[in-house]
Amino acid sequence: MKNLFSNIKGDAFGGITAGIVALPLALAFGVSSGLGPSAGLYGAIFISFFAALFGGTNTQISGPTAPMTAVSMVVIAGIVAANDGDVNKALPAILTVFLLAGLMQIGLGAIGLGKYIRYIPYPVVSGFMTAIGVIILVTQILPAVGYYPKEDVDLVTQFKPQAEEIILENILKEEAGEGILVLEDFEETIKRAQLTTQDDIAKESQTLAKSASSGVLGTFKVLPRALKNINWLELILALATIFIVYGFKRITTKVPSALVALIVVSGIAYGFGMDYRPIEEIPTGLPVPNLEIFTNFSLGSITPYIFTALTLALLGAIDSLLTSVVADNMTKTKHEPNKELVGQGIGNSIGAIFGGIPGAGATIRTVVNINSGGKTRLSGMIAGILLLVILLALGPVASKIPAAVLAGILITVGIGVMDYKGLRAIPSLPKDIKLGPFKLSSEVLIMLVVLVLSTVWNLVYAVGIGLVIASLMFMKKIGDLTAERSDVKSLKEEAWQDETGFPSSLKEEVFVKHIKGPLFFGSTSDFQALALQIPITAKTVIMRLDRMQYMDQSGLYAMEDMLQDLKQKNIQVLFVGLLEQPRYMMERIGIIPDFIPNEHIFKSFKKCIAWVKENVEDKY
């Protein structure tokens, strides 16, 4: 806390800017989750403030994010459906899951699991992020065209028989719980069934219609009906929002385009008295804790949701620590992963108590904070305070925002969150496995499996399956390589035998680095520390790659980032002993020859030194 106020001006500007960027996204994520805009705003307020206060990344801005909202949306829909479609009835159970997720994150940080997040391979992350983008993009089509399944009378009517079956099943379950035998007292069953009104059946039918239309597959099922019942005003508002979000960025990036779209389109719609659908009303006044979480607490009631809470906790941990790495690269600092998990857990726990949806470190908001001058945890705290002020001062005004505007903003979020870098690399990656008559890259296979399963099934199961496949493929590759070079032994970081005659006159300007073993997703973090080991006097780096037998996609991009960083510092890089597989990978994406021309690649250290003596030594 000693340095908390060392950069007040920069932190204030960074925090205010990040808070403004967070506002439209918090409202949109809240609506998308199913709990309403206030839940998104509450989550942004408490997570931003407390994750910054107790976290381990000074410049990180936290709040609801696309991945966390996508999973929360599934959790909320499931619990609401189990509570007869009544959100208020389901709310304590939902918030209990969110609270458990926060407490689990604190536990993950306390036992030191933060450092293991780096072992998630790039194709898994790529497939997951692209799936998140697809889910958000597709599920926002219906609100963007003004179609709400539970309000479609014809669609709801189709679910009436199923609704009656469910109501009858519930009556039978109630009787079983009370010890009433149906065959002995069938009149009691008839009596209770007669108490069911048409409104009860209609409400259950609406819940079923909404549930059947949720998710990617559900959206596609009702899309033909939606297109026949387009609300043109809602569609125009959504398209105008999307146009401004992308168009305003071409004018300037100093003002958040999503906020501009929110204000302009909402202002026009409200000012001209258009008959649009507004978002749910945002409660006025300070957020109030939901004490039903504790008063209704029982071990039996939370047991079914423990795995769900762990899912959210792990996802939030991954999401946050990936953003922490981005912040480290921008600020040239080093975050504390376990402390960051504790901070995120505290933020999510407190946010849940006050009715907020869970969140994590937000990359875009963090980048905005850093670029605006934020350097300490005070910036994240200020962002949270700003959102609280907006809630208290502008809550009634925000309640007039058209739902289609937030749908438009979320569509741009979905498009932006996809991993286009990974998608573009698909044609160029080596096809190293055979599936029947087809040859495919193992990296691409993992990414596609995670992408498809996440989109149509379950996000967390998909990531787990992706990790298992990646681990099995990696073990096979390393096993094959180890079998070929079984005499390889671990080496200390010291000069190799052929380096004993290295010219002493070049030791200040030429730095030699040995890469021993495969460069894969588990070793990229150590590799990224290479730049920190290079002396400030170095003008040339010689990389000994004789023993780097294998490089995966994560290692490939780590190598690309390191070479780009060295190029910006005007440090030339020479490769020695580059093997076939890593060379093939680097040629696929242009590292060779864009960063390392062929004349800078040498088969032996002796030839490299001869070139250095001729081309480098004379300069110094």
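Visitor: Does Lys421 count as buried, partly exposed or exposed, and what is its relative accessibility?

Guide: Happy to start there. This is a predicted model, and in it Lys421 counts as partly exposed because its relative accessibility is 31%. The class called partly exposed lies between the buried limit of 20% and the exposed limit of 50%.

Visitor: Which residue forms a salt bridge with Lys421?

Guide: The general idea comes first: side chains of opposite charge can pair when their charged atoms come close. Here the partner of Lys421 is Glu560, with 3.5 Å between the closest N and O atoms. Glu560 sits in helix H26 (residues 553–568) and Lys421 in helix H21 (residues 420–424), so this pair ties together parts that are 139 residues apart in sequence. Glu560 counts as buried because its relative accessibility is 16%.

Visitor: How many salt bridges does a search of the whole structure find?

Guide: The search gives 6. One of them joins Asp152 to Arg225, where the closest N and O atoms are 3.1 Å apart. That pair also links distant parts of the chain: Asp152 is in the loop between helix H6 (141–144) and helix H7 (153–158), while Arg225 is in helix H11 (residues 215–228), 73 residues apart. Asp152 is buried, at 11% relative accessible area, whereas Arg225 counts as partly exposed at 24%.

Visitor: And where do Glu587 and Arg583 lie?

Guide: Both are in helix H27 (residues 580–588), 4 residues apart, which is about one turn of the helix. Glu587 is partly exposed at 31% relative accessibility, and Arg583 is partly exposed at 26%.

Visitor: Which helices do the buried residues of H19 pack against?

Guide: They pack against helix H1 (8–33), helix H2 (37–54) and helix H18 (363–371). Among the buried residues of H19 are Leu378, Met381, Leu387, Ile390 and Leu391. In the loop between H18 and H19 you will find Ser372. Ser372 is buried, with 19% relative accessible area. Beyond residues up to four places away in sequence, Ser372 touches Gly10, Phe13, Gly14 and Thr17.

Visitor: Is Ser441 buried or exposed?

Guide: Ser441 counts as buried because its relative accessibility is 3%. Its place is the loop between strand S4 (438–440) and H22. A polar atom of the Ser441 side chain is 3.2 Å from the backbone nitrogen of Glu443. Apart from neighbours within four places in sequence, Ser441 is in contact with Leu429, Pro430, Lys431, Asp432 and Ile433.

Conventions. Residues are numbered from 1 along each chain as its sequence is written. This is a predicted model: local features need pLDDT of at least 70, side-chain atom pairs count only at pLDDT 80 or more; totals for chains, interfaces and linings use all residues. Side-chain values use heavy atoms; hydrogens and water are left out. Helices (H or I, at least four residues) and strands (E, at least two) are DSSP runs, numbered from the N terminus. Buried means under 20% relative accessible area, exposed over 50%, partly exposed in between (1.4 Å probe, protein chains only). A polar contact is a pair of N or O atoms within 3.5 Å; within protein, one must be able to donate a hydrogen and the other to accept it, and residues adjacent in sequence count only if both atoms are side-chain atoms. Contact means heavy atoms within 4.5 Å. A salt bridge is a side-chain nitrogen of Lys or Arg within 4 Å of a carboxyl oxygen of Asp or Glu.
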